[in-house]
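Dear colleague,

Please find the structure below, as promised. My notes on it follow, residue by residue and then for the whole chain.

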Amino acid sequence: MGESGFLILLVVVILGFGMFFMGGNNYIVNRVYTVDTKDLANMNVNKQNYQSVISKLNDVATHSYLDNNPKSLNDLTTFKQTLALLEKAKQFTTDSPSLYSSMGVVQNQIASFIDLQTPNDPEIIKNLENSVTNLKQALKLKPKDNFNLLVLADSLIQLSQKYSNQQESALSYANEANNNLGLIDNQTLQVNLKILYANEAVNLANIKSVLNQANANDLYQTAITTYLSLLTKNPNDITINTNLASCYMNQANQYLQKNDTTDAIIYINQAVNIEQKIVMLNPKDFESLNNYARDLTILAQVNQQIGNKLEAVKSYTLALDINNRMLTLKPNDNQLLSNISILNQQINQLK
């Protein structure tokens, strides 16, 4: 395979992984609801209690957005019940930012839940569009609210993904999401929101990479800076380290797209160094080992392509060792056996 073809292959592999991994929220927040979600079906909304109901439902919406528990049919039912109650409360007020914020967040979540089950359901786009409308109204009533800006960017990013086959629409939503992320005061974000902020920056950067937008590189760097700041307080956090390593690989992709292997190798090395740390912290986690072995192989391939045979052999050998370790966790795994065979061939060819 020629150099350009080889680099294109790496671009696809790295970008594909980034899009898969960074999607969704990766920070767990305990549920601290002021209302038992089981009672939603029986909750009454009237002129006397609507403010209290809005407050309680806002708590449900906010905390659940930050919660990484698996999304189930029960969650979808809960959010549909919550949205119905908020629609009733809307009859009594038009100047409550909490009301519009809650509606926007709930519609965002409903869209996400449906997407997991039926990705082509038109209700997804409908809910995302309504989410955008309500969050914009919340921001009119309460400008510069970091949480609402973050969820609004999330809904716009999801819309951009849904319109991936219509480049003009996809780009429009992506640019609007970028503008909203730019309004967020990152310095005042709480830790959980900082992680979501960084994740959304990566999601948006991935979209812009596909759309060939130059500022994808700036978004990756924003995410990297945010992850690094979070690690100063908790350097061994597996999730943040994993996200950071993935982000470095996405940054490497930006340079590979320009056939700049010198800078690409710098970022790939940063990724594999972090992945080595993750494996030391979590030595029997198959996914962590697999990420490490995969990126070591990519590093070896790039070094091989530019003639750094000694470095290539070093990385291939380490990747081989990691694949053999994974084989002890999944004996007779055909993919691992194939990887081991290919790595042995590459090492033998270079020696």
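Thr82 is in contact with Leu40, Leu57 and Val106, leaving aside its neighbours within four places in sequence. The residue sits in helix H3, which covers residues 73-89. With a relative accessibility of 1%, Thr82 counts as buried, because the cut-off for that class is under 20% relative accessible area. Please keep in mind throughout that this is a predicted model.

Ser160 is another residue I looked at. It belongs to helix H6, residues 146-162, and its relative accessibility of 2% puts Ser160 in the buried class.

Tyr255 is part of helix H10. Its relative accessibility is 14%, so Tyr255 is counted as buried. Beyond its neighbours within four places in sequence, Tyr255 is in contact with Asn217, Asp260, Asp263, Ala264 and Tyr267. Between Tyr255 and Ile265 the C-alpha to C-alpha distance is 9.0 Å, with 10 residues of separation in sequence.

The loop between H10 and H11 holds Asn259. This residue is not a glycine, yet its phi is positive, at about 60 degrees. Is Asn259 buried, partly exposed or exposed? At a relative accessible area of 44%, Asn259 is partly exposed.

Asn332 is a further non-glycine residue with a positive phi, here of about 65 degrees. Asn332 is placed in the loop between helix H13 (309-329) and helix H14 (334-350). Its relative accessible area is 66%, which means that Asn332 is exposed.

Rolling a probe the size of a water molecule over the atoms shows where empty space is left. Over the whole structure, the search finds 1 cavity of 30 Å³ or more. The volume of the largest cavity is about 60 Å³. Its lining consists of 10 residues, and those nearest the centre are Thr242, Ala245, Glu275, Ile278 and Asn291. Which elements give two or more residues to this lining? They are helix H10 (238-257), helix H11 (261-281) and helix H12 (286-305). By residue class, the lining of the largest cavity has 4 nonpolar, 4 polar and 2 charged residues.

Last, the totals for the chain. There are 14 helices and 0 strands, and the pattern along the sequence is α-α-α-α-α-α-α-α-α-α-α-α-α-α. The chain has 351 residues, and 50% of them count as buried. Its accessible surface is about 16800 Å², with 49% belonging to carbon and sulfur atoms. Taking the contacts between residues at least 6 apart in sequence, 68% join residues at least 24 apart.

Regards

Methods
Residues numbered from 1 in each chain as written. Predicted model: local features only at pLDDT ≥ 70, side-chain atom pairs only at ≥ 80, totals over all residues. Heavy atoms only, no water. 1 Å grid on protein atoms, 1.4 Å probe; cavity = no way out; pocket = protein on both sides within 12 Å on 5 of 7 lines; lining within 4 Å. Points joined across faces, edges and corners; volume = space filled by probe spheres on them. Helix = DSSP H or I, 4+ residues; strand = E, 2+ residues; numbered from the N terminus. Nonpolar A, V, L, I, M, F, W, Y, C, P; charged D, E, K, R; others polar. Buried < 20%, exposed > 50% of the residue type's maximum accessible area, 1.4 Å probe, protein only. Contact = heavy atoms within 4.5 Å. Areas by Shrake-Rupley, 256 points an atom, 1.4 Å probe, with all protein chains shown as cover.
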